[in-house]
Amino acid sequence: VDEKDSKPPPTKFGHGLTEYIIRTGKPSIFKAEDISEMRNKGEIELIGTLPKQWLASPLRIGGYVIGVIAAQSYQASDLYADKDLDILTYVSEQIALAIAHKQSVTELEVEKTYLEELFQSSPEAVALMDDKGIILDINPEFMSLFGYKEDETIGKNIDVLLTNNEQRKNAEKLTYEVRAGRRIFAEDVRRTKDGTMLPVSILGSPIKYKGGVLAVYSSYRDITDRKEAEEQLRSSELEHRLLSEQLTQSNIMKETLLDVLSHDLMNPAGVINGFSD
């Protein structure tokens, strides 16, 4: 708000008094003659009407100046004193704190939105658990893979939900490893809602906070196709091994037969040769 000049349009960073405070980072009071001298030295450019007195304090967040709060007088060159600059500096600190808080809230909201979108749209089945293994949240792919609705999983123990008695001990061991702060990767079977035992790869990641584990992420991928392909490959290898063994036996029999034939053919030939002699 200014009694002589209208609000200036947004512009690039230049060499006005405001930019001078941003560059130096120091609260300052200038009289008209100070401003004129600074302009003559090329330190600043005068923008708008020359005031009789001008004072300003930087808005500082985390060691960086993000703006300026200023006041000026067109009537008197002694209207403001150092105590007024102290008041303005105090006000600027409070304004900077309010801006920093607002920015932090906004940044947290943005980060939360990013993480939520990543969680919900992940192609992997993902579950978020507390440090006791109790499910806090699941994504749509988890519901699709295991057949559970969200309200059927929240508050349940992940190992009890997805394993039977045979697999539970090993599952609890993996969960313990992650709760202890270690990242794990394993392959095992997990139970779907209809009781189907599904081969899955499991990635468990701890969420650490202030030296402890706050929560745990577990992601699951269906590896049924890969397991079937591996089984087919093993069957094929076994079949070829059997064929190879049969071929080896056949070659041995052939060599034996040739030896017998050779002996049986050579024996009468020797007799004939003897008679001929």
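Predicted model: local features only at pLDDT ≥ 70, side-chain atom pairs only at ≥ 80, totals over all residues.
How many nonpolar, polar and charged residues does the lining of the largest cavity have?

1. Let's begin with the answer: the lining of the largest cavity has nine nonpolar, three polar and two charged residues. A search of the whole structure finds one cavity of 30 Å³ or more, and about 110 Å³ of space lies in the largest cavity. Its lining is made up of 14 residues, with Leu174, Thr175, Ile202, Ser218 and Tyr220 the closest to the centre.

2. If you want to find this cavity by its elements, look for helix H5 (158-162), helix H6 (165-179), strand S6 (184-191), S7 and S8, which give two or more residues each to the lining. H6 gives the most, with four residues.

3. Now for the pockets. The largest pocket has a volume of about 1200 Å³. Its lining counts 33 residues, and Ser6, Pro8, Thr18, Ile47 and Trp54 lie nearest the centre. Strand S3 (64-73) and helix H1 (17-24) each supply at least two lining residues, and the largest share, six residues, comes from S3. By class, this lining has 16 nonpolar, ten polar and seven charged residues.

4. The second largest pocket holds about 210 Å³ of space. Among the residues that line this pocket are Leu115, Phe119, Glu124, Tyr217 and Ser218. Helix H3 (82-121), strand S7 (197-209) and strand S8 (212-222) each supply at least two residues of its lining. Six of the lining residues are nonpolar, four polar and one charged.

Notes:
Residues numbered from 1 in each chain as written. Heavy atoms only, no water. 1 Å grid on protein atoms, 1.4 Å probe; cavity = no way out; pocket = protein on both sides within 12 Å on 5 of 7 lines; lining within 4 Å. Points joined across faces, edges and corners; volume = space filled by probe spheres on them. Nonpolar A, V, L, I, M, F, W, Y, C, P; charged D, E, K, R; others polar.
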